[in-house]
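Have the viewer open as you read.

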Amino acid sequence: MLTIENKTILYNCILKQFPDPGLYKVSRITEWLCTNNYSLDKFGYESFRGFAEDFPEMFAFQSNNNDEFIEIKKWQTGEDNRKPDNESDAHPADSFFGTNNVILNDDIIEMTQQSLYALTKILDNGNTVTMMKQEIYRKFDEAKSDNKLVFLGEKYTFPIDYCPDGFLVNGVITKNLSPHGKSLYFSFEKTQIFRSEPIDQKIHVRYNIEIPTKDKNRIYMLLTENFPCDHQIHMASISKCLLKSGIDRNKYGFFKMKELLASLDFLELEDVILGGVQQTMVTIKRVPGYTAQTAEKVPDKEIHSDSARIPKGLLTDFCSLPVKPMGILEQFLKDSGIEASYDSITKDLCNDFDKARMEGSVKVADAKLVFSSRYVKSDGTKVEITIKPNAYEGKEWFLYYVDTIVREKTGETNPGKQLENFAFLGNWSTFLSDLASKAVDEEWDYKNSSSKSYHILMQYIKYTFSRLVRENKICISEDKRFAAFNTGLADDHYDDIYACFVPNDSSSETEWRYAGFCTAASGGLGKQLVEYFNPLPSPPLYFKRKEDLFYNGANQLHTDFEHIIIDNIKRLPLQFLYDQFFDNSEARDITEKIRSSHDHVIRCDLYERLKRIICENSRLFVRIQNRLKDAIELAQKRVRWNYKTAIPSYFPKRDTMSLMLPLALVDESKPDVALVVELTRSGSYQGQTILTLPQAYIDARLICRLTGDWLVPSQIFGSEEQEFAEGD
């Protein structure tokens with residue numbers, strides 16, 4: 001018989017992994033107990049049934065499926081004792097992490113589909129995501145039995161397989177830092193270990209997965225909606241349309257989009273020579289069978305309306321709800337004083353989606369759908385939910401984004417325009433020259449600037465004003481005869497410099513006009529400033545915690561490579577791209593054309609062509625990704641050597657603090673772009689995007705004057721026409 005003490009220990013252990021009452025697989029529970037070194041035989045039981053019968057406070061048998069499922073109940077005594085004060089911050093994996101007892105399964109470890117998908121591409125083994133996951137479980141068990149499972153530095157590592165280039169890929173298992181996720185987290189790393197035996201040529205094995213008729217119908221309808229029939233269309237345009245709509249070739253066992261297109265009986269493919277380069281043209285043929293099942297059965301206006309793209313049925317039937325966005329929503333509700341469980345939030349989202357669909361308020365943006373939830377932000381607006389087509393196995397859609405951000409109602413959506421809307425500044429050149437001459441000497445232009453335009457100073461003062469508006473620090477006298485704000489700059493005596501304004505003419509578009517800059521009590525404006533305001537206007541504040549200023553190398557860094565490589569390809573150095581395209585003459589030719597062109601429209605079109613090439617060539621994408629990973633690793637080493645290498649920055653539109661790491665992509669001694677990393681609620685870092693060095697300097701200079709060794713205006717080649725990162 002189990003003692004009360006034993007029951008309490010086992011109850012506390014099980015609740016770490018299975019916190020909610022409900023039906024669970026018996027095998028999962030026994031695996032979890034073994035992982036924590038609580039095997040049943042240790043307590044004198046030969047079977048789980050005997051153990052469960054002696055523990056009715058926690059377990060209840062069902063009328064059927066007793067051997068496979070069992071109900072876990074709440075036990076009041078165990079609940080009172082499951083979390084001693086000295087263990088309030090304990091991690092579910094603390095009791096077994098570092099031992100050799102670990103038994104991996106879907107309940108214990110978090111494996112993102114994006115990570116599994118990337119691993120299949122790196123190994124080039126033709127596996128689907130599901131097959132890759134099972135292979136990882138097998139390799140982990142194999143490593144345990146062969147004594148190849150290594151625990152070092154708070155992580156398990158084990159060999160998975162060799163890449164086509166001969167280097168070994170290791171699996172990495174760490175504690176999951178997310179409070180809403182599973183106990184462990186899986187990632188992988190490419191090592192420098194090279195295989196000793198000769199590299200066999202990989203032979204792609206296609207898994208003949210028949211494309212379901214409904215999927216063929218969907219593809220046919222998508223293409224006929226967007227392209228004319230019986231006309232040749234470039235394959236890149238067809239591929240882009242399908243990718244944006246969530247059609248993934250890997251789901252059907254194809255390694256290239258061309259193979260998927262060739263398998264569809266309503267498409268004809270023809271290889272032609274255009275501009276000296278072989279390209280593939282696609283013709284959509286009218287096929288009565290598909291017409292009868294799609295276009296003929298649906299009124300024409302419905303096919304082309306947004307409502308036709310909104311899925312029917314219960315939200316959870318077609319949409320998966322990942323832990324991360326659900327955790328964000330749960331935390332938002334908790335911060336708002338609302339206690340809600342995962343199940344209740346799920347039910348609310350299902351009802352909110354049904355309501356939005358019935359009212360016709362679901363918004364369609366590209367392939368994504370956006371609808372309002374019942375939850376309200378502090379500014380009175382609704383929390384919006386975004387779902388997106390799933391490119392992997394499983395449900396067709398997934399919860400992509402939860403918008404809980406409160407946006408300031410300043411009357412102007414663009415932070416860079418707020419100062420000009422507030423006051424008439426006169427000539428920008430005079431305004432900036434006045435400020436620069438009063439402030440401590442500083443570089444306000446980039447290396448290649450032909451004249452002193454104070455371009456950096458212009459961006460600084462615009463976004464400083466925007467921040468002050470957010471903080472309600474624009475001071476206006478009670479009689480509305482004087483206004484001022486703290487510029488955040490200082491003169492040679494390190495006294496604060498203030499911008500002063502007086503009322504504008506009643507017929508003018510702005511209420512105020514620029515009067516001059518001053519320091520407190522100095523000159524006429526300085527005396528007016530002291531007379532009107534006590535205390536004096538405060539400078540902007542950006543950071544509230546030390547984590548905003550210092551990069552913690554012990555935290556994991558997860559990077560959004562797709563956003564960096566595809567969405568922000570224009571920010572990557574052209575020479576870097578050219579070097580990665582060594583085996584693709586078309587991509588190299590496009591890169592050279594971009595380099596030589598000065599026409600904005602032509603350059604944008606050329607970049608779109610590069611994006612399509614990379615999207616359709618997974619090996620090329622992985623090559624660029626690996627080079628970026630190398631640069632990120634080097635940047636992290638630089639931070640370990642000198643913590644000042646990680647530079648704090650501020651994003652005006654998102655009102656967030658981040659850190660920037662230097663990425664050297666062409667020459668290891670010279671950074672080319674900055675990686676923006678943001679600390680998440682879980683304690684890990686998210687590599688959000690990359691910035692050009694001019695963009696990075698603008699965002700960093702808002703915080704303070706820079707004294708580092710890699711972000712210096714005199715070493716930056718910038719353009720006044722470049723976009724700025726406040727909207728990224």
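Asp106 and Lys133 meet through their side chains in a salt bridge, with 3.7 Å from N to O. Asp106 sits in the loop between helix H4 (76-81) and strand E4 (109-110), while Lys133 belongs to helix H6 (residues 129-145), so this pair ties together parts that are 27 residues apart in sequence. Neither end is tucked away: Asp106 counts as partly exposed at 29% relative accessibility, and Lys133 is partly exposed too, at 22%. Keep in mind that this is a predicted model.

What do Lys7 and Glu57 form? They make a salt bridge, and their closest N and O atoms are 2.9 Å apart. Lys7 is in helix H1 (residues 4-17) and Glu57 is in the loop between helix H3 (48-53) and strand E2 (59-60), so here the tie is between parts 50 residues apart in sequence. Is Lys7 buried or exposed? Lys7 counts as buried, since its relative accessibility is 7% and the cut-off for buried is under 20%. Glu57, at 26%, counts as partly exposed.

Glu608 and Lys611 both lie in helix H22 (residues 600-616), three residues apart, or about one turn of the helix. Glu608 is partly exposed at 28% relative accessibility, whereas Lys611 is buried at 17%.

| Salt bridge | N to O distance |
|---|---|
| Lys7 and Glu57 | 2.9 Å |
| Asp106 and Lys133 | 3.7 Å |
| Glu608 and Lys611 | 3.3 Å |

Searching the whole structure turns up 22 salt bridges.

Now for the nonpolar side of things. The largest nonpolar core has 54 residues, and the ones with the most contacts inside it are Ile29, Phe51, Phe59, Leu184 and Phe186.

Next, a sheet. In what order do the five strands of the open sheet run? The order is E17-E21-E20-E19-E18, with mixed pairing. Strand E17 (423-424) and strand E18 (475-476) are the edges, each pairing on one side only. E18 pairs with strand E19 (residues 483-490) in the antiparallel sense, over two bridges, and Ile476 stands opposite Ala483 in E19. Helix H16 (residues 428-438) lies across E19, strand E20 (496-503) and strand E21 (512-518), and runs at about 20 degrees to E21.

Zooming out, the protein has 24 helices and 26 strands. Of its 728 residues, 47% count as buried. Its accessible surface is about 36,900 Å², with 48% of that belonging to carbon and sulfur atoms. As for contacts with a separation of 6 or more, 59% are between residues 24 or more positions apart.

Key:
Residues are numbered from 1 along each chain as its sequence is written. This is a predicted model: local features need pLDDT of at least 70, side-chain atom pairs count only at pLDDT 80 or more; totals for chains, interfaces and linings use all residues. Side-chain values use heavy atoms; hydrogens and water are left out. Helices (H or I, at least four residues) and strands (E, at least two) are DSSP runs, numbered from the N terminus. Buried means under 20% relative accessible area, exposed over 50%, partly exposed in between (1.4 Å probe, protein chains only). Contact means heavy atoms within 4.5 Å. Accessible areas come from the Shrake-Rupley method with a 1.4 Å probe; for residues, only the protein chains shown count as cover. Two strands pair if DSSP finds at least two bridges between them. Axes are lines fitted to C-alpha atoms, for helices over the stretch in contact, and angles run from 0 to 180 degrees between N-to-C directions. A salt bridge is a side-chain nitrogen of Lys or Arg within 4 Å of a carboxyl oxygen of Asp or Glu. A nonpolar core is a set of buried Ala, Val, Leu, Ile, Met, Phe, Trp, Tyr and Cys residues joined through side-chain atoms within 4.5 Å.
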